[in-house]
Amino acid sequence: MRTQTRQQGGRRRRAVSAATAVAIGVMTLGALAPPAASAARPDAVQQSLNALVRDDGMPAALASVQDRDGRTRTYTAGLGDLATGSKVPRDGQVRIGSNTKTFVAVVVLQLVGEGKIGLDATVDTYLPGLVRGEGTDGRHITVRQLLQHTSGLPNYSNHLGDDVRYYAPRELLDTALRHPADFAPGTSWKYSNTNYVLAGLIVQKVTGRPLAEEIDRRIMKRIGLRHTYFPAPGDASIREPHPHGYYRESPDGPLRDITEIDPSWGWAAGQMVSTNSDLNRFFSALLAGHLLPPAQLAQMRSTVPAEATFGPGARYGLGLVSRPLPCGGLSWGHGGSFPGYETRGGATDDGRATNIAVTMQLTDEAGRRNLERAVDTALCH
C-alpha cells in the first residue's frame, strides 16, 4: 500500500501483489438507496453515501448514525460484492485500520490508572534495551510520546515491501529501527505506526497476556462490542457478514478484491475488525467516561496540532483525534485506513456519533475530503 501525507491508518507503501487478489473488472454502480427508502428524496446522509459511490468510485459505502437520544440509523450504498452484485450487508464488518490505536491507548491508560504504567516513564522501564537505533533510544522516549506520536520513531510501514505474509510485532519494530529517527523525542509531531507497536508490546510485558486478550477483556466485554475483534495470527478472513474490500493499483486500473489478507503487519497500529455501530458505541462510551477514570480521560483529550495528517483544525491526543465541526463544537474519534477499507467517524460530548466506511483505501485528497464531509453531514444533520 502507499503512504500518503494525510495518513489515517496503517498502510503499506507498495502495491499488494496481484497474486493475492482477483481482478474484478469494470465496477457496476447500483443499489444506491437503502431498501427501506421510499420514493421521497433520500436524506442528507444517504445522499452523501450515494455520492461517494457515484462520484468518487467507491464500490460501497456504509454508515451508522447515532443521534443525541441514542437512536441509530444505518445506511448503505453501492454493492457488497462486485463479482456477484450482492447487496452491502447493513452494518457489516470492515477492517478498521488505525481506529485500533484508540483501543490500544485505552488499555494503556487503564493500566496507568491502575498504577501499572507511568505515562511519563520511559520505554526502557518496561522494555529495557529493546529500542536502540540511529537517533533512537528507549531510555529517552516516554509512554506518553508513543501514544501522542511525539517520539520521533520512524514509521515501519513506510519500509515494508510487497510480501504479504505474517509479521511478528518485533519484526515490525526491527524494520523501523533500521532507519534514523525523524526527530528528537518531544520536539515535534509525526504520525508513526511504530509508536503503537511499542505500546502494544508494553501492554503485553506489563500484563503478561496477549494484547488481543487485554483489548477483549477490558473493552469489548466491558461495553458489549459483539462485532469487534482482534484477528488471531494467520486469520486472513472477516468473520461476519461484510462488504468485500478492493484495491486499485492505478487510477484507471482494475479493482482487485483484497478482502482476505493477513492483517498482522498492522498489529497494534491497525489490525482490528469492527462495524460502524460498534465503533459508535466504543467512542461514545469512551467520551462518557465508561472506559477510563476522569484523570486518564482528561490526559487522552489533551491534544497537540495534527493538521498535516488529519486536516484543518485537527489535533491529536493520546490515541484520539479532535476535529472541528462545521456546525460548531468538536468531534472525537480517529479514523483508519487498511487495504480494501477506509473508515472515518467521530462522537460528540452530547451523544452524537457517526462512522462511515468505504470499501477501497483512499489515496487521493479529494476522496478523503468527501468522506470527511459525509461524516460532518451526519454529525450536523
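**Ground rules**

I number residues from 1 along each chain as its sequence is written, and the side-chain values I use are for heavy atoms, with hydrogens and water left out. Since the model is predicted, local features need pLDDT of at least 70 and side-chain atom pairs count only at pLDDT 80 or more, while totals for chains, interfaces and linings use all residues.

**Entry: helix α1**

I started with α1, and asked how many of its residues are buried. I found 8 of its 11 residues buried, which leaves α1 mostly covered. Buried means under 20% relative accessible area, exposed means over 50%, and partly exposed lies in between (1.4 Å probe, protein chains only). Helices here are DSSP runs of H or I with at least four residues, strands are runs of E with at least two, and both are numbered from the N terminus. I noted the buried residues as Val45, Gln46, Ser48, Leu49, Asn50, Ala51, Leu52 and Val53. Their cover includes strands β2 (60–66), β3 (72–78) and β16 (353–358), as well as helix α12.

I then looked at α12 as a partner. Helix α1 (residues 44–54) packs against helix α12 (residues 365–380) at an angle of about 170°, with the axes 9 Å apart. The two helices are therefore roughly antiparallel. Axes are lines fitted to C-alpha atoms, for helices over the stretch in contact, and angles run from 0 to 180 degrees between N-to-C directions. Under 35 degrees counts as roughly parallel, over 145 as roughly antiparallel, 65 to 115 as roughly perpendicular, and the rest as oblique.

From α1, the residues Ala44, Val45, Ser48 and Leu52 meet Asn370, Leu371, Ala374, Thr377 and Ala378 of α12. Contact means heavy atoms within 4.5 Å. The classes are nonpolar (Ala, Val, Leu, Ile, Met, Phe, Trp, Tyr, Cys and Pro), charged (Asp, Glu, Lys and Arg) and polar (the others, Gly among them). As background, an α-helix has 3.6 residues a turn, so residues three or four places apart point the same way.

**Entry: helices α2 and α7**

At what angle do α2 and α7 pack? I found about 90° between helix α2 (residues 99–113) and helix α7 (residues 211–223), with axes 10 Å apart. This makes the pair roughly perpendicular. On the α2 side I listed Phe103, Val104, Val106, Val107, Gln110 and Leu111, which meet Leu211, Glu214, Ile215, Arg218, Ile219, Met220 and Arg222 of α7. The contact holds 9 nonpolar, 1 polar and 3 charged residues.

**Entry: single residues**

I looked up two residues with positive phi. His149 has phi near 60° and is not a glycine. It sits in the loop between α4 (143–148) and α5 (169–177), and His149 is buried because its relative accessibility is 0%. Trp267, also not a glycine, has phi of about 30°. Trp267 is in helix α8 (residues 267–270) and is buried, at 9% relative accessible area.

Is Thr275 buried or exposed? Thr275 is buried, at 1% relative accessibility. I placed it in the loop between β9 (273–274) and α9 (276–287). Leaving out residues up to four places away in sequence, Thr275 touches Asp91, Gly92, Gln93 and His227.

Pro305, in strand β10 (residues 304–305), is exposed because its relative accessible area is 54%.

My search of the whole structure gave 1 cavity of 30 Å³ or more. On a 1 Å grid over the protein atoms alone, a cavity is a set of points where a 1.4 Å probe fits but cannot get out; a pocket is an open set with protein on both sides within 12 Å along at least five of seven lines, and lining residues have an atom within 4 Å of a point. Grid points are joined across faces, edges and corners, and volume is the space filled by probe spheres set on the points.

The largest cavity has about 100 Å³. Its lining has 13 residues, with Arg323, His334, Gly335, Arg344 and Gly345 nearest the centre. β13 gives the most to this lining, 3 residues. I sorted the cavity lining into 4 nonpolar, 6 polar and 3 charged residues.

The largest pocket has about 350 Å³ of space. Of its 14 lining residues, Arg248, Pro251, Met360, Thr363 and Asp364 lie nearest the centre. The pocket lining has 5 nonpolar, 4 polar and 5 charged residues.
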